[in-house]
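Here is a short briefing on charged pairs and surface patches. Keep the sequence and the 3D view open as you read.

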Amino acid sequence: MASAAMAASARAFLRPHRYLLLHSPTRRRLSASAAAAGAASSTAVRRSVVDVLRERGLVETTTSESLGSASASPGQLKAYCGFDPTAESLHLGNLLGLVALSWFRRCGHTAVALVGGATGRVGDPSGKSAERPELDLAAVEANSDTIKSLISQILDRVPEPSHHSQSDKDLSLEQNEQPLNNSGEENMGSFLILDNYDWWKDITLLDFLKEVGRFARVGTMIAKESVKKRLMSEDGMSYTEFTYQLLQGYDFLHMFKNMGVNVQIGGSDQWGNITAGTELIRKILQVEGAHGLTFPLLLKSDGTKFGKTEDGAIWLSSKMLSPYKFYQYFFSVPDVDVIRFMKILTFASLDEIQELEESMKKPGYVPNTVQRRLAEEVTRFVHGREGLEEALKATEALRPGAQTQLNAQTIEGIADGIPSCSLPYDQVLKSPLVDLAVSTGLLASKSAVKRLIKQGGLYLNNIRIDSEDKLVEESDIVDGKVLLLSAGKKNKMVVRIS
């Protein structure tokens, strides 16, 4: 136990700092209303957010069983999850943290997203086989800004569970995405977005070693699983990475002391970092009440990471991955994984998910029906209503014969996933479509094109072509910029007009 003088010195060192509370016009009442909601709901039976997360497979470990009882009353918890700005966008591996934070909001608590403007310059060794490449200051700051904006957009939309019939073929966005002010806004918790550089920039190394480092036991730090693995590797671990757990632990201590944040959540690989924080709080502040909760890593049934493709990570930013490709990734989830992902990545009720699971066993089940629902729900959560509409429209655009009115933006949205080429305007206008299909590489020969036309398999902008004499007219060039050629259902070509 630290001496009283040492504890007093530590408390003086842990001075308050500025932090960011993001409000939208519909959020300005949330702080007050969250407290009111706690009183209003005292007469009703409320479920613990920990119980909700556990039922959905989103709890692996907690630091204390008391967290469950503490989380039953709205407004009692401020839960934070950290996101280091090591790239321009968050990726699918970060999605569980955002979903979990949203559940805390839905249960009336405060959700806190911490962007690591400071820790991102060091790099978390957890789960890494080698030290992260060092980012320059400008890159860290730029990444931090874009990630804060992305998190704000995602946490600001917390969809209510929808209950539309699975036989419905047309998605009603208005029915399934209800605005907060029509879905019990008074029961919603608020959310904060913080940057740990705001307090780290004022801390010197000597201050940190004196007031924090002396409470850290090297033996305990070495015993952490993430450290042991790296120490046994060929490259070992730098002192910089070794201190990461103390940096993250201090983040928890600072927010606990100055902002009342009392829960840290993270993936199972964050357990060592989380317990480093709870230990510092007990030793330095000599108080209890700091909790940790981990959720399983996002893995497929075969044990491999979900969110990795041959092309790289599945990014959450639409600037790095189109909503269409994001949607398609979830649409292609295997049957063996789709129900589990419905539970952990969506806000659909467990009763509804059970109905979906039972429907998959029935003789008349249409393949990929549940995958479609998963893709819709997750895309709406990450990209909003507009992003889902874009994804659905682009998906429809790839179906030959579809009645969707195409525009250049929709076609460009799918262009990075299919072959494309560029041709001068005068080379396209009045050109025989048979010749164009060959010159673009859609088909190998004119005879192959003519044969396909006779079979009813050649499409221009999803309209079937019945004549070998078809010429490309000005009205065929979508928005004067692009054409979409299709040979059957799968062979396609985007032609950009320059």
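Arg 340 and Asp 337 sit 3 residues apart in helix 16 (residues 335–345), so about one helical turn separates them. The two form a salt bridge, with the closest N and O atoms 3.2 Å apart. This is a predicted model. The structure holds 14 salt bridges.

**The pair in helix 16**
- Arg 340 is partly exposed, with a relative accessible area of 33%.
- Asp 337 counts as buried, because its relative accessibility is 2% and buried means under 20%.
- Side chains of opposite charge can pair when their charged atoms come close.

- The side chains of Arg 373 and Glu 352 meet in a salt bridge of 2.5 Å, N to O.
- Arg 373 lies in helix 18 and Glu 352 in helix 17, so this pair ties together parts that are 21 residues apart in sequence.
- Both Arg 373 and Glu 352 are buried.
- Glu 377 is also in helix 18, which spans residues 369–397.
- A polar contact of 3.0 Å joins the side chains of Glu 377 and Arg 373.
- Glu 377 counts as buried, at 5% relative accessibility.

**A bridge between helices 21 and 22**
- Asp 435 and Lys 446 meet through their side chains in a salt bridge (3.1 Å, N to O).
- Asp 435 lies in helix 21 (residues 433–439) and Lys 446 in helix 22 (residues 446–454), so the pair ties together parts that are 11 residues apart in sequence.
- Is Asp 435 buried or partly exposed? Asp 435 counts as partly exposed, at 29% relative accessibility.
- Lys 446 is partly exposed, with a relative accessible area of 46%.

**Negative patch on the surface**
- Asp 351, Glu 355, Glu 357 and Glu 358 gather in a surface patch of negative charge.
- Glu 357 is placed in helix 17 (residues 350–359).
- Its relative accessibility is 32%, so Glu 357 counts as partly exposed.

**Nonpolar patch on the surface**
- Leu 205, Leu 206, Leu 209 and Tyr 239 form a nonpolar surface patch. Together they have about 490 Å² of accessible area.
- Helix 9 (residues 205–211) gives the most to this patch, with 3 residues.
- Leu 209 is found in helix 9. Leu 209 is partly exposed, with a relative accessible area of 40%.

Methods
Residues are numbered from 1 along each chain as its sequence is written. This is a predicted model: local features need pLDDT of at least 70, side-chain atom pairs count only at pLDDT 80 or more; totals for chains, interfaces and linings use all residues. Side-chain values use heavy atoms; hydrogens and water are left out. Patches are made of residues with over 30% relative accessible area and no salt bridge: like charges are joined within 9 Å, nonpolar side chains (Val, Leu, Ile, Met, Phe, Trp, Tyr) within 5 Å. Accessible areas come from the Shrake-Rupley method with a 1.4 Å probe; for residues, only the protein chains shown count as cover. A salt bridge is a side-chain nitrogen of Lys or Arg within 4 Å of a carboxyl oxygen of Asp or Glu. Helices (H or I, at least four residues) and strands (E, at least two) are DSSP runs, numbered from the N terminus. Buried means under 20% relative accessible area, exposed over 50%, partly exposed in between (1.4 Å probe, protein chains only). A polar contact is a pair of N or O atoms within 3.5 Å; within protein, one must be able to donate a hydrogen and the other to accept it, and residues adjacent in sequence count only if both atoms are side-chain atoms. Lys and Arg count as positive and Asp and Glu as negative; His and the chain ends are not counted. The place of a charge is taken as NZ of Lys, CZ of Arg, CG of Asp or CD of Glu.
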